[in-house]
Amino acid sequence: MKTIVILMDTLNRHMLKCYNPEAKAITPAIDRLAAKSIVFDNHFIGSAPCMPARRDILTGRLNFLERNWGPIEPFDVTFPELLRKQGTFCHIVTDHSHYAEIGGEGYMQQFNTWDLQRGQETDVWASRIKEPDNIPEQYFGRMGRQYQCNRMHFQTDADYPTPRTFASAAKWLEENGGEDDFFLMVEAFDPHEPFDATEEFKAMYPEDYDGPVYEWPKYAPITEETPEAVNHLRNLYYATLSMADKWLGKLLDEMDRQNLWEDTMVIFTSDHGHMLGEHGVTGKNQFHAWNEMSHIPLFVHLPGGKGAGTRCNAVTQNVDLCPTMLDYYGVTEYPPVMPKLHGKSWKPLLDGETEKVRDYAIYGWHGKPVNITDGQYTYFRAAKDDSNAPLYSYMSMLTTFPRYMGRDVPKGALVCGDYLPHAQMAVYRLDMAEVMKHLPPFMRDNSLIKDSLLFDLATDYAQEKPLQDPALEQRMTEALIRTMEEHDSPAEQFERLGLK
């Protein structure tokens, strides 16, 4: 069995032509892969953002109900670990620098080998004591000193980390040509912010913008940014995506050269999208989980092109990837401490044996609204009051992005006990109310997510017209309670959300 999973971070579904024929982004490689695949129309995130999404993928269990951003826990069982035990070689190539930072421990180490391409975002790669001379005097959003140092090393598109990631993956396939039992994860950070590409790709989206530099948006409502600046930001996103797409094409070329399409499964998805002015905001995490962030792309190419060009309307999530891999690789021996999987294997869907594997998807950010969809209706369930309590985070590794947990909270807020039955070990329980006191004000502000909202995606995909339908809201509430129970939600989450 051979599988390649391609994950492009922050990839907006509605900017891909296979989902939106009017999309402005120029992505011939993504279009090419979609044409060879089954395209899933109702695929959603589980936990977000970056590390929670990856823990979902590797473990098949939802992260966001029980903890915030964090590492692979000692009690986690991942599918690469199980594949390796039965002899499948697992390799990851990525420029996702959070894997090498505090709060990202243990992910790459699930693989036999890993290749980290340096230089993205806050990656402490380029070492320079002197202030860089490329920081503009005026800019909207954010401007990172470390990234300005890193980008001094990028002259052509081949020098950027995401192109190097796809090039490394293509080289790995070339050097391992003829092998017939591997799992390759190709994880590109782009088009994640800061949106940065060479002039060649910026020229693909001509404009007359002459305002302040705007390439790294805040996670906040739009205030001082002009409409022209927001349009410019979108164009930079497109350019970054098109540059990444070019190098994805080189990976697909290597697959063509070896004719891997005949005997290799390819899965293409993202971890989440990004707000670029929709609903008057930019970024993620601080608002409701709008479709722009939560409804994500998924293509599955089956060996020999089975089903290529067809669509799948079943509700699916990235947490399903783990059981899907275990199913296809025929893993039957599990360790005694293996917890129940929340994900559902896609194999029955892909084999045409069933039309759905789940009735609902639940998703969100830790401590924010818990959201549920059946593919037609979406319900955002907010906290019952402004206290957003009780809220705990459970862990055995006291790290998060990018710091250690518990140092600045009273001892009573951090206790150890048998709080997670599936963990098979004692874990820490951290009172997040104490943690929140030490976070920046914008991370404590829940004013944009204080209301529960209900939408009909069939008539209001943009989620601009909340429904006032008590009977439907009650039905979605009852479904949310059942689904949270099925996903081992800690009891206090029900209390926090005012669910009985």
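Figure 1. All 10 of the 10 residues of helix H2 (residues 50-59) are buried, so the helix is largely enclosed by the rest of the structure. Buried here denotes under 20% relative accessible area, exposed over 50%, and partly exposed the range in between (1.4 Å probe, protein chains only). Helices (H or I, at least four residues) and strands (E, at least two) are DSSP runs numbered from the N terminus. The model is predicted: local features need pLDDT of at least 70 and side-chain atom pairs count only at pLDDT 80 or more, whereas totals for chains, interfaces and linings use all residues. Residues are numbered from 1 along each chain as its sequence is written, and side-chain values use heavy atoms, with hydrogens and water left out. The buried residues of H2 include Cys50, Met51, Arg54, Arg55 and Asp56. Their cover includes S1, helix H3 (79-85), S5 and helix H9 (321-328), where contact means heavy atoms within 4.5 Å. After H2 comes Gly60, with a positive phi near 75°.

**Figure 2. The largest nonpolar core.** A nonpolar core is a set of buried Ala, Val, Leu, Ile, Met, Phe, Trp, Tyr and Cys residues joined through side-chain atoms within 4.5 Å. The largest such core has 54 residues, and Ile6 and Phe299 have the most contacts inside it. Two or more residues each are given to this core by strand S1 (2-8), helix H1 (28-35), helix H5 (161-175), strand S5 (182-188), helix H7 (227-258) and strand S7 (265-269). The largest share, 14 residues, comes from H7. With residues up to four places away in sequence not counted, Phe299 touches residues including Leu16, Tyr19, Ile30, Leu33, Val266, Ile267 and Phe268. Apart from this core lies another, of 42 residues, among them Ile57, Trp69, Ala314 and Met338.

Figure 3. Ala29, Ile30, Leu33 and Ala34 are buried in H1. Viewed down the helix axis, these buried residues fall within an arc of 140°, so they line one face of H1; the arc is that of the directions from the helix axis to the C-beta atoms. The face turned away from the buried side carries the exposed residues Pro28 and Ala35. The packing partners of the buried residues of H1 are S1, strand S2 (38-44), H7, S7 and strand S10 (298-301).

Figure 4. Two strands count as paired if DSSP finds at least two bridges between them. S1 and S7 run parallel and are joined by 5 bridges, with Ile4 opposite Val266. S7 also pairs with S10, in the antiparallel sense, over 4 bridges; here Ile267 stands opposite Val300.

Figure 5. The order S6-S9-S8 describes an open sheet of 3 strands with antiparallel pairing. Strand S6 (220-221) and strand S8 (275-276) stand at the edges with a single partner strand each, so one side of each is left without a neighbour in the sheet. S6 is joined to strand S9 (residues 281-283) over 2 antiparallel bridges, and Pro221 has Val281 as its bridge partner in S9. In another pairing, strand S14 (residues 377-381) runs antiparallel to S20, with 4 bridges between them. Phe380 stands opposite Leu453 in S20. Leu453 and Phe455 point one way from strand S20 (residues 453-456) and Leu454 and Asp456 the other, and all are buried.

Figure 6. On a 1 Å grid over the protein atoms alone, a cavity is a set of points where a 1.4 Å probe fits but cannot get out, and a pocket is an open set with protein on both sides within 12 Å along at least five of seven lines; lining residues have an atom within 4 Å of a point. Grid points are joined across faces, edges and corners, and a volume is the space filled by probe spheres set on the points. The largest pocket has a volume of about 960 Å³. It is lined by 36 residues, of which Trp69, Asn285, Gln286, Phe401 and Met443 are the closest to its centre. H2, helix H11 (432-436) and helix H12 (441-444) each supply at least two lining residues, and H11 gives the most, with 3 residues. There are 3 cavities of 30 Å³ or more, and the largest cavity holds about 50 Å³ of space. Residues lining the largest cavity include Arg55, Thr59, Arg61, Asp76 and His422.
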